[in-house]
Amino acid sequence: MHMENNQKRGIFNRFLDVVERVGNKLPDPIVLFIILMFTILGASFIGGMLKWEAVNPADGETIQAVNLLNGEGIVRIFTEAITNFSEFPPLGMVLVVMIGIGMAEKSGYFETAMKRAIEVSPQKLILPAIILVGIVGNVAGDAAPIILPPIAAMVVMKLGYHPFVGLVMAYAASLGAFAANVIPGMTEALALAFTEPAAQLIDPDYTGSLLMNYYFTAVATVFLLAIVYFVTKKITVPRLGTYEGLETADHEPLEKKEIVALRWANISALLTFIIFMVFLLPENAIFRNAETGSIIQDSPFMNSIIFILTIFFFVPGLVYGLKAGTIRSTKDFGSMLGDAMGTMGSYVVLVFFAAQMLAYFSWSNLGPIIAIKGANALEAVNASGIPLIIGFILLAGLINLLIGSASAKWAILAPVFVPMFMLLGYDPAFTQMLYRIGDSFTNPITPMLPYLPLLLAFAQRYDKNAGLGTLLSALLPYSIVLFFAWTILLIVWYLIGIPLGIDGPIYLPES
């Protein structure tokens with residue numbers, strides 16, 4: 001198939017055009033949260049005047065809506081604004097993790113590791129290697145969907161494939177399987193940042209775990225690798241055919257100093273891992289619970305997992321930078337960390353307004369009331385189990401077509417759906433995983449992510465007539481198949497009833 005713009009656009013492309021127009025008219029996520037803040041304040045005024053209430057099934061107490069626009073409420077809004085932000089626990093967690101990830105990204109460690117993994121793979125394993133790098137690469141945040149597709153395009157050309165095969169396969173792997181990984185990192189931290197305070201609307205003592213989805217996401221990594229490879233071989237490669245353009249595969253191999261630096265960085269990562277295992281595995285290890293000896297329950301290991309992950313990324317990033325010459329002075333070191341944290345500026349601002357919104361939701365009691373009413377409605381129509389799972393995944397996937405930011409979407413959805421699912425007996429870890437799946441499978445085709453225009457620019461290097469419809473038509477099969485793959489895997493997991501991760505059961509424990 002020759003990739004060119006079709007003047008007679010199909011139904012799906014016309015639908016995507018509508019989605020793009022609607023999505024582009026949505027305000028910036030920060031403005032969206034400001035709107036939601038005032039919406040909640042207005043709803044609290046109406047709810048207080050109309051005496052909205054609901055009976056908490058857990059203790060039988062009546063929860064009443066609180067008007068935040070009276071004198072007492074206005075004073076609280078102003079006096080607690082700073083503490084709402086500064087005491088938002090996940091904020092520090094995300095920023096600390098970013099120190100390690102930022103060092104590994106800005107020093108060039110992540111990019112070189114991706115390139116090297118593909119270079120050293122046997123020819124038959126190159127496609128699976130690209131897919132694996134794409135999936136695991138989401139631990140590096142934006143690096144995978146930005147860096148990997150152009151590298152993959154040049155690599156697959158050497159194998160005789162159309163360069164678009166590499167572009168769309170790498171893009172789909174890094175975004176469509178975004179929630180899967182064997183290495184916990186930023187995505188877990190961002191999700192937990194909003195799951196925990198949302199759960200505390202129902203259970204003030206609730207604390208989540210960064211690893212509460214880990215078992216499932218680790219298995220999904222292997223499973224989705226096979227799925228993306230299947231779609232590539234059975235659909236993408238035959239559909240794209242041979243490449244007849246003038247562009248050639250000019251991917252330059254890594255320089256010797258980059259390979260040496262990568263080797264030393266990997267050695268440092270291994271040594272760091274061994275040191276942590278010494279602190280963890282022996283019977284009386286310092287990272288175990290001093291009383292019970294547990295590695296998981298209230299242990300120094302789990303209480304410091306964020307800082308441990310930060311160090312695990314920071315050390316090889318620093319070693320790589322020193323050996324490769326990307327860090328030549330203390331000024332380079334400081335500016336590199338500053339640049340890494342600078343990328344979090346919009347997130348920090350977003351968290352300020354999100355923290356206010358969550359606080360208003362909590363103070364007004366609207367969250368628990370909506371959750372209780374919603375849970376009662378779902379119970380009335382027997383919306384539970386598998387239909388509920390599929391419905392929520394589809395809802396999250398649909399919203400993802402309109403709002404690109406994963407944290408922004410979850411900040412909006414978590415305060416409603418986490419409590420609602422808790423009242424239906426589901427643990428927040430389960431609701432979080434449902435959302436993360438919905439947020440993943442439509443990632444390749446949403447026009448709301450900033451990576452898609454960049455992917456189009458890469459594509460037009462090989463075919464100047466390639467348009468957005470060209471890419472979306474090639475990416476759509478991945479989204480469709482990934483929806484079924486993700487959903488089937490979770491349903492099987494649900495039916496078996498095994499935990500999703502550490503401190504991540506499917507159902508709330510019986511009190």
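Visitor: Which residues of H18 meet which residues of H19?

Guide: Leu388, Phe392, Leu395, Ile399 and Asn400 in H18 meet Lys409, Trp410, Leu413, Phe417 and Phe421 in H19, where contact means heavy atoms within 4.5 Å. Helices (H or I, at least four residues) are DSSP runs, numbered from the N terminus. This is a predicted model, in which local features need pLDDT of at least 70, side-chain atom pairs count only at pLDDT 80 or more, and totals for chains, interfaces and linings use all residues. Residues are numbered from 1 along each chain as its sequence is written, and side-chain values use heavy atoms, with hydrogens and water left out.

Visitor: What classes of residue are in the contact of H18 with H19?

Guide: The contact of H18 with H19 has 8 nonpolar, 1 polar and 1 charged residues; Ala, Val, Leu, Ile, Met, Phe, Trp, Tyr, Cys and Pro count as nonpolar, Asp, Glu, Lys and Arg as charged, and the others, Gly among them, as polar.

Visitor: And at what angle do H18 and H19 pack?

Guide: H18 and helix H19 (residues 406-423) pack at about 165°, with their axes 12 Å apart. Axes are lines fitted to C-alpha atoms, for helices over the stretch in contact, and angles run from 0 to 180 degrees between N-to-C directions. H18 and H19 are therefore roughly antiparallel to each other, since that word is used for angles over 145 degrees, while under 35 is roughly parallel, 65 to 115 roughly perpendicular and the rest oblique.

Visitor: How do H18 and H20 pack, then?

Guide: Helix H18 (residues 385-400) and helix H20 (residues 428-441) pack at an angle of about 45°, and their axes are 7 Å apart, so H18 and H20 are oblique to each other. Among the residues making the contact are Ile389, Phe392 and Gly397 of H18, together with Phe430, Leu434 and Gly438 of H20. By class, the contact of H18 with H20 divides into 10 nonpolar, 4 polar and 1 charged residues.

Visitor: Switching topic, which residues touch the most other members of the largest nonpolar core?

Guide: In that core of 160 residues, Ile130, Phe194, Phe216, Leu224, Phe430, Trp486 and Leu490 touch the most other members. A nonpolar core is a set of buried Ala, Val, Leu, Ile, Met, Phe, Trp, Tyr and Cys residues joined through side-chain atoms within 4.5 Å, and buried means under 20% relative accessible area, exposed over 50%, partly exposed in between (1.4 Å probe, protein chains only). The largest share of this core, 15 residues, comes from helix H22 (residues 468-496).

Visitor: What about Thr487, is it buried or exposed?

Guide: Thr487 counts as buried, because its relative accessibility is 4%. Thr487 lies in helix H22, and, leaving aside neighbours within four places in sequence, Thr487 is in contact with Ile390 and Ile393.

Visitor: Where does Asn365 lie?

Guide: Asn365 lies in the loop between helix H16 (345-364) and helix H17 (366-380), and its phi is near 70°, a positive value in a residue other than glycine. Asn365 counts as partly exposed, at 22% relative accessibility.

Visitor: And where is Gly185?

Guide: Gly185 is in the loop between helix H9 (163-176) and helix H10 (186-199), and at 2% relative accessibility Gly185 counts as buried. The C-alpha atoms of Gly185 and Ile101 are separated by 8.3 Å, although these residues are 84 residues apart along the chain.

Methods
Helix = DSSP H or I, 4+ residues; strand = E, 2+ residues; numbered from the N terminus.
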